[in-house]
Amino acid sequence: MNGANLDDLVDLLGRWASGRGPLYLLLTGRLRALIDDGVLPPGEQLPPDRVLARRLAVGRGTVVAAYDLLQQEGRVVRRQGSGTRVAACDLPSTRATDSVVANPLLLHILHPPDGVQLLTCAAPDDPPPELIEAYQEAAGRLAGVRDLGYQPAGNPALREAVAAYYRERGVPTTAGEILVTNGAQQALTLLAGLLVSPGDTVLTGSPTYPGALEVFRHAAAAVRPVTLAPVSAEAMRERPALVYAVPTASNPAGSIMESADRRRLAGLAADYDVPVIDDEVCAELCFSGEIPPPLAAYGSGEQVITIASLSKLVWGGLRVGWIRGSAPLVSRLARLRAVHDLGGEVLGQLAAATLMGRLAEIRRARVRTLRARHDHLCAELREHLPSWEFEPARGGQTIWVRLPRGEADSFAQVALRHGVAVPPGRSFDPLGGHAEYTRLHFLFPEEELSRAVAGLARAWRSYDGAHEPAARHTLIV
């Protein structure tokens, strides 16, 4: 599209205002889709806000708010005197053979750059031997089965195994309160599709998991950061569509919410009838070996919804996750899921059911390895990058690091030239804050972590702290 051709952009926007919710969020959502799909390429000049507002017959404030939100997300750059442009994307183009441009958020997963250590994606790349054994057992269980295999709510054996897992953790649960999903990301997408309408407010902590922020943004929600430890009654009085929390082994900081704050969050959710999503994807990775109870253990209400998966404990390629919620909610989610894919792949679910009975031994091995690698990374950072600030994690796979100067967006470009890809802190903040932070995972073996820190140290010595335009971010997990 020619950046000067206003009519082309208006045609691409189409029926952008036909949804529900504030106009600025609807306009943001449509522009975001055009940018992420590559229809509006990096460097594309967008019309001045007054010009676009007049052409769309909306107030100038609508366009300004949309542009500002896209700037917070790192998708556009606004400068006095040069207008608004689509943010630069320093990653290689991935235009497919069918002329569809791949979403730039997915570039590091779809096309990992050669010779670069990826600290952007945090998931284990070494499936344990128990997974192979579980698949072998699952294959044997298929013999003689006469079943279509369409199970939108999930395989019954796995639903019961997950329910038993929560009962063992002190939370009474039946199989009817479990919905199996293709990982926790699909769980978030289904919940947003059911609970969030355009313009609704979603409250999150900050920093928080970027994949959740993307889901809520694509639902055209107004995502607002609040303090969750402790959460304020004032925030709940606003009756948000939902609250998203990662209280155990949080992403990115590896922190653990205290019991009093958990009880308060669950209690206020019940008092104000606000759904709370408790993301327990990394909960099994607490370094102390003791896993705190889920938020659902702190109240008798049905407002707490728990999501989890086996992707961080077992392997990212095992696309099995779940939602624990009230039976009516699970029934509604199953109907919604049936529209999308009729249910997940059965063999993997049968393998996951077997793994649920072996979680303790898998956890012990995984946590032992992660703890050693965490300690090694912290020691390497203290020795080679002593000016970087961080708190050791209490669990999970990542630490949250503050740079002493500059912004992580610009430093990430320097680090990439030194063979290390790091995620900028803005990706973890609903409003694009935390620009001076980055997240580092400790999933690599010790020698690879040492090599990564050495690359970061070289990059830091050559980094002058100058501000550079924010690049569009890779998908961060």
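This is a predicted model: local features need pLDDT of at least 70, side-chain atom pairs count only at pLDDT 80 or more; totals for chains, interfaces and linings use all residues.
Strand S10 covers residues 304-309 and strand S11 covers residues 321-324, and the two pair in the antiparallel sense over 4 bridges. Helix H8 (residues 183-195) packs on this sheet, where I found it touching S5, strand S8 (242-245), strand S9 (276-279), S10 and S11. The direction of H8 makes about 150° with that of S10. I also checked helix H7 (residues 156-168), which lies across S5, S10 and S11 and runs at about 120° to S5.

Then I stepped back to the whole sheet. In what order do the 7 strands come? I read the order as S5-S11-S10-S9-S8-S6-S7, in an open sheet with mixed pairing. At the edges I noted strand S5 (178-181) and strand S7 (222-225), each of which pairs on one side only. From one strand to the next, the twist averages 20°.

On to the other sheet on my list. This one is open too, with 3 strands in the order S1-S3-S2 and antiparallel pairing. One pair I wrote down is Val77 with Arg85, its bridge partner in S3. Helix H4 (residues 60-72) packs on this sheet and touches S1, S2 and S3, with its direction at about 115° to that of S2.

I stayed with H4 to look at one of its residues, Thr62. Is Thr62 buried or exposed? Its relative accessibility is 15%, and the cut-off for buried is under 20%, so Thr62 counts as buried. Leaving aside neighbours within four places in sequence, I found Thr62 in contact with Leu23, Tyr24 and Leu27.

Last, I went to the surface. Which residues form a nonpolar patch there? They are Leu148, Tyr150 and Leu342, with about 370 Å² of accessible area together. I traced Leu342 to the loop between helix H12 (327-340) and helix H13 (346-356). At 36% relative accessibility, Leu342 counts as partly exposed.

Definitions and conventions. Residues are numbered from 1 along each chain as its sequence is written. Side-chain values use heavy atoms; hydrogens and water are left out. Two strands pair if DSSP finds at least two bridges between them. Contact means heavy atoms within 4.5 Å. Axes are lines fitted to C-alpha atoms, for helices over the stretch in contact, and angles run from 0 to 180 degrees between N-to-C directions. Buried means under 20% relative accessible area, exposed over 50%, partly exposed in between (1.4 Å probe, protein chains only). Patches are made of residues with over 30% relative accessible area and no salt bridge: like charges are joined within 9 Å, nonpolar side chains (Val, Leu, Ile, Met, Phe, Trp, Tyr) within 5 Å. Accessible areas come from the Shrake-Rupley method with a 1.4 Å probe; for residues, only the protein chains shown count as cover. A salt bridge is a side-chain nitrogen of Lys or Arg within 4 Å of a carboxyl oxygen of Asp or Glu.
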